[in-house]
Amino acid sequence: MEASDLLTDWSRAQFALTALYHWLFVPLTLGLTFIVAIMESIYVKTGDIWWKKTTKFWMSLLAINFAIGLATGIIMEFEFGTNWSNYSWIVGDIFGAPLAIEGLMAFFMESTFFAVMFFGWDKVSAKMHLTSTWLVAIGSNLSALWILIANGWMQHPVGMKFNPDTARNEMDNFAQVIFNPNAVSKFLHTVSGGYVMASLFVMGISAWYLLKKRDILFAKRSIIVSASFGLITSIFLIVSGDESAYNVAQTQPMKLAAMEGLYQGKTDAGIVAVGILNSKKEVDNNEEPFLFEIEIPEALSFLAYHSTAAYVPGIKDLVYGNKDKGILSVKEKMAQGKLAVNALRTYKDAKKINDTKTAQAALKVFEENQKYMGYGYLKNEKQAIPSVALSFYSFHTMVTLGSWFLLLFILALYFTLKEKLQNNKWLLYSMLFTIPLGYVAQETGWIVAEVGRQPWAIQDMLPVGMATSNVASSSVQVTFWLFAILFTGLLIAEVKIMLTQIKLGVNGESKDV
Amino acid sequence: MKVGKSLWLLIAVKLFILFVVIKWLFFPNYLKENFTNDKQRSEYILQQLTKKDN
């Protein structure tokens, strides 16, 4: 392995580690803020002190999650500056605006009202407190909005122009950046995933109380709120997931093909409901892609293009091209990309010696070919293929778990309303043991999104290998392990403090927080 | 110890580790450390993007 590949791999591993750990904390905050806001609304509406106690208990777990997760995302910004400086420079102007808005508007809004929410129970009126709780929920979700707009831009860069003099992308259409369909669907799918995650969390812990036969009323009420919220948001999760897959099909067809293990494109393409990939399958051999598969006919064509008869390009089409379908091969894109890179070099050199004529001619060639500039850095066409196994299994794990969650919410709600939940130990245990599955679904979702778009740091524009800084891979390895230790420590602390708080129960929290 | 106090302590220790130890010792901003102005940074990135062994 070349030194530059080693550096790229360690930089990616470190970023993945940081992002995955960070995402253990975020979705719970996104969803739990809304759940406590709903519970507090019921308290303010009914005046029932038990709802206040219920709200305060879940708020205490929210506080633990928030405090421990706080600032874990900032490490990714450190990594941008140190390990990914090429990338940071090139995207700087695009990321600057959404992240600045996130910092100024959403984060400050969230933080300010967080203080009122936690410390203002007996210091402000009930309505003012409730307003603060809702504003925390809205603020934390707005924070996610701006971050996901930035991420959506990397997946589908729009609303900018590359400046060949500064090597930066400059925003020329803010509306295009914020209403980027990829970003909008990503935001909706991500936050609704957080709502489902938080619902599973509340439901699972409440199930534990019922199994222990304690705090029964509190647990039942919590289950009704969380299962209802979870059911509604699960449906929204499915709708936003459909929209997200549609956008992936339009802008990242290779990711979709990898998610489905689809090597040969076809019309009436089906979705693999269950399947085992053939590890011997490569894009250039004739092995079968699956050892075993059960397919839902025509579903992929419908998901990707909203037509059962639509043609869905496979990995082979996207690598070797398909003239009938108007798909360029990676080799053709690599040729265009190399033209763009060479033209940029000529432009740069001509500008240095004030050769305006040559510079203008080179700029014209660059602009004609820059759409595929990133392909100019690929060494071979297979580099354009992401990990099919990781994309496929992550995607199918996420979808399978999402379906299970929907069923679980329906069952929980049904048995609670029928007053039969307490006798259903299998269901209570299912609710409890589904909490970690919620986290698995969250993480696999992000793996699909980020692994599926490889090799790109910015889609079609900048491969990850060109995005890194010129630093020693050993220094990245050191900080990788440093973060692994730090985050694992934080996770252990979170679990330990939360378990203590859960064991105290709804009556214990009022003495302790 | 009350959970609130534990959390405040944890936040303080974590922020110290993140901003003082990790950021200061391990995560210098590569372009800010190695170049003095944006013109130099642009030239460096352009050189990276267009070097012949890419």
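Helix 7 and helix 15 of chain A cross in a left-handed sense (the near helix is turned anticlockwise from the far one by less than a right angle; clockwise would be right-handed). The model is predicted; local features need pLDDT of at least 70, side-chain atom pairs count only at pLDDT 80 or more, and totals for chains, interfaces and linings use all residues. Residues are numbered from 1 along each chain as its sequence is written, with chains lettered from A and ligands numbered from 1 in the order written.

Helices here are DSSP runs (H or I, at least four residues), and strands are E runs of at least two, numbered from the N terminus.

## Phe392 in helix 14

A:Phe392 sits in helix 14 of chain A, residues 388–417. A:Phe392 is buried, with 24 other C-beta atoms within 10 Å (buried means 20 or more, with C-beta atoms placed from the backbone). A:Tyr372 is 20 residues from A:Phe392 in sequence and 26 Å away, C-alpha to C-alpha.

## Chain B

Chain B has three helices and zero strands. Its C-alpha trace spans about 60 × 25 × 15 Å along the principal axes. Of its 54 residues, 19% are buried.

Terms used:
Buried ≥ 20, exposed ≤ 12 C-beta atoms within 10 Å, placed from the backbone.
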